[in-house]
Amino acid sequence: MFLRQFYLTFSCITTLFFLGLLYLYFSNKRAKDFLYASLLFLSGSLVLFSMSHLKLRPSSHAIIFWSKLLYASIFSYIYTLPHFTLSITREKINRGIQIGLNLLSILFILLTFFTDFIIKNRVIYKTGIKQAELSNIYPYLILIVLAIIVYFYIHILNAARKKLNKKVYYLPLIIGMGIGIASGIIDFLGITAGKPLITDIPNPFIFGIFITSLSFGWTFLSQYTWAFTNLTKSQEEIEKLVEKSNRDFLEFVHLIAKTLEAKDHYTAGHSLRVMDYATKIAQALNLPDKEIELLKQACLLHDIGKISIPDGILNKKKNLTKKEREHILKHPIIGKNILSTVSEFKEILDIIYAHHERVDGKGYPDGKTKDEIPLLARILAVADTYDAMRSERPYRRAKSKKQALKELKLARGSQLDEEVVDIFIKALSTA
């Protein structure tokens with residue numbers, strides 16, 4: 001009873017590993033290591049599951065069925081073992097040998113299930129236990145499987161000696177496969193002698209396959225425990241690099257804004273103040289953090305198109321001529337064109353392009369109406385308008401806070417979005 005529970009428990013564990021690895025493979029079909037390992041765990045699970053049912057002392061028909069499933073699962077190692085071993089060592093095998101082993105595995109499985117060429121369809125008593133009778137060719141099949149195991153065992157020894165794929169701990173695999181080979185030899189010698197060499201283990205080869213399976217599992221888990229540990233470390237390093245990159249990018253945006261303000265000293269600090277006002281509005285609207293970050297970038301760079309406007313026009317104290325005003329009206333278009341050359345600014349282009357549009361459709365450059373103007377551009381427009389009124393300009397003095405708020409209210413529903421204006425005024429009153 002203990003052995004049955006033991007086999008059944010390990011069968012459930014290996015089945016869970018099989019399903020988990022299969023899921024990982026289907027999540028990323030390029031990671032074929034997971035597929036090969038999952039098939040290996042499936043073979044081991046079927047071996048253990050069959051052995052647990054044979055311990056129940058079932059009927060003769062059940063003994064034959066579970067015995068055939070057991071040996072078919074063992075022969076499936078002819079397919080799974082090479083793939084798993086090569087995925088561990090990172091070596092390649094001759095295509096012809098690989099196809100030959102695959103066909104041999106399929107042939108043995110079919111012969112086991114659908115003929116009595118390997119497992120006969122009758123039950124005999126052996127060492128006091130009812131067992132499915134094995135055919136006379138069974139010992140030679142053991143030799144074939146042993147030869148394959150030995151061949152790949154040598155691959156493992158060479159990989160360990162050359163320290164190929166250093167993330168693998170080879171010792172459990174070397175010991176496990178060594179026990180499997182020794183068990184196969186003992187089984188073969190016992191059959192040829194007509195009696196088991198180890199009385200307590202009637203099928204040494206099956207026992208050896210079980211030990212080999214455990215070593216495969218151990219090796220695979222040690223390999224991917226190492227990989228996941230290093231992946232976690234790498235992920236932490238990547239996160240630090242991303243954080244530094246974001247910080248550097250924001251500093252770069254600030255640098256551009258300051259460069260622009262150096263051209264127009266009247267607007268010194270304007271972009272930073274607009275960013276502060278716009279952020280208050282966005283937070284009051286409960287916008288997502290990502291949108292707030294985009295809004296901040298747009299605020300810092302919204303007037304970058306003015307870099308193309310001659311200083312004489314930008315700082316002119318008298319009224320602008322029609323031609324001079326055309327330069328001013330083009331700055332959102334120029335700003336978008338400048339920033340479109342940098343992929344990181346893609347998401348703020350429409351905000352900058354539309355920040356001088358009016359909700360009544362009388363703005364520029366396209367005369368868009370409220371619903372056509374992005375929300376972040378409408379927020380930027382309110383913050384920009386307020387700070388422009390509060391700033392000294394070459395052609396007028398700065399307005400007081402009271403005067404600026406009064407003009408904001410007058411612009412509700414015509415120039416500026418009503419809801420955004422109301423939220424901004426409320427935010428300023430509670431600040």
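Leaving aside its neighbours within four places in sequence, with which residues is Ala282 in contact? The legends below take up this question and describe further sites of the model.

The model is predicted, and local features require pLDDT of at least 70, side-chain atom pairs count only at pLDDT 80 or more, and totals for chains, interfaces and linings use all residues. Residues are numbered from 1 along each chain as its sequence is written, and side-chain values use heavy atoms, with hydrogens and water left out.

**Figure 1. Overview of the protein chain.** The protein chain has 17 helices and 2 strands. Helices (H or I, at least four residues) and strands (E, at least two) are DSSP runs, numbered from the N terminus. Of the 431 residues, 45% count as buried; buried means under 20% relative accessible area, exposed over 50%, and partly exposed in between, with a 1.4 Å probe and protein chains only. The chain exposes about 23300 Å², of which carbon and sulfur atoms supply 60%. These areas come from the Shrake-Rupley method with a 1.4 Å probe, and for residues only the protein chains shown count as cover. Among contacts between residues at least 6 apart in sequence, 67% join residues at least 24 apart, where contact means heavy atoms within 4.5 Å.

Figure 2. Ala282 lies in helix H9 and counts as buried because its relative accessibility is 0%. Apart from neighbours within four places in sequence, Ala282 is in contact with Leu287, Ile292 and Leu295. The C-alpha atoms of Ala282 and Val420 are separated by 9.1 Å, although the two residues are 138 apart along the chain.

**Figure 3. Asn286 in the loop between H9 and H10.** Asn286 is found in the loop that joins helix H9 (270–284) and helix H10 (289–301). Asn286 is not a glycine, yet has a positive phi of about 60°. Most residues other than glycine have a negative phi. With a relative accessibility of 67%, Asn286 counts as exposed.

**Figure 4. Crossing of H10 and H15.** The axes of these two helices come within 10 Å and cross at roughly 50°, which means that H10 is oblique to H15. H10 passes H15 in a right-handed crossing. On the H10 side the contact is made by Glu291, Leu294, Leu295, Ala298 and Cys299, and on the H15 side by Leu376, Ile379 and Leu380. By class, the residues of this contact divide into 7 nonpolar, no polar and 1 charged. Axes are lines fitted to C-alpha atoms, for helices over the stretch in contact, and angles run from 0 to 180 degrees between N-to-C directions. Angles under 35 degrees count as roughly parallel, over 145 as roughly antiparallel, 65 to 115 as roughly perpendicular and the rest as oblique. A crossing is right-handed if the near helix is turned clockwise from the far one by less than a right angle, and left-handed if anticlockwise. Ala, Val, Leu, Ile, Met, Phe, Trp, Tyr, Cys and Pro count as nonpolar, Asp, Glu, Lys and Arg as charged, and the others, Gly among them, as polar.

Figure 5. Glu357 lies in the loop between H14 and H15, and the place of Pro365 is in the loop between helix H14 (349–353) and helix H15 (375–390). The peptide bond from Tyr364 to Pro365 is cis, with omega near 10°. Most peptide bonds are trans. Glu357 counts as buried because its relative accessibility is 4%. Leaving aside neighbours within four places in sequence, Glu357 is in contact with residues including Tyr364, Pro365, Lys368 and Gln415.
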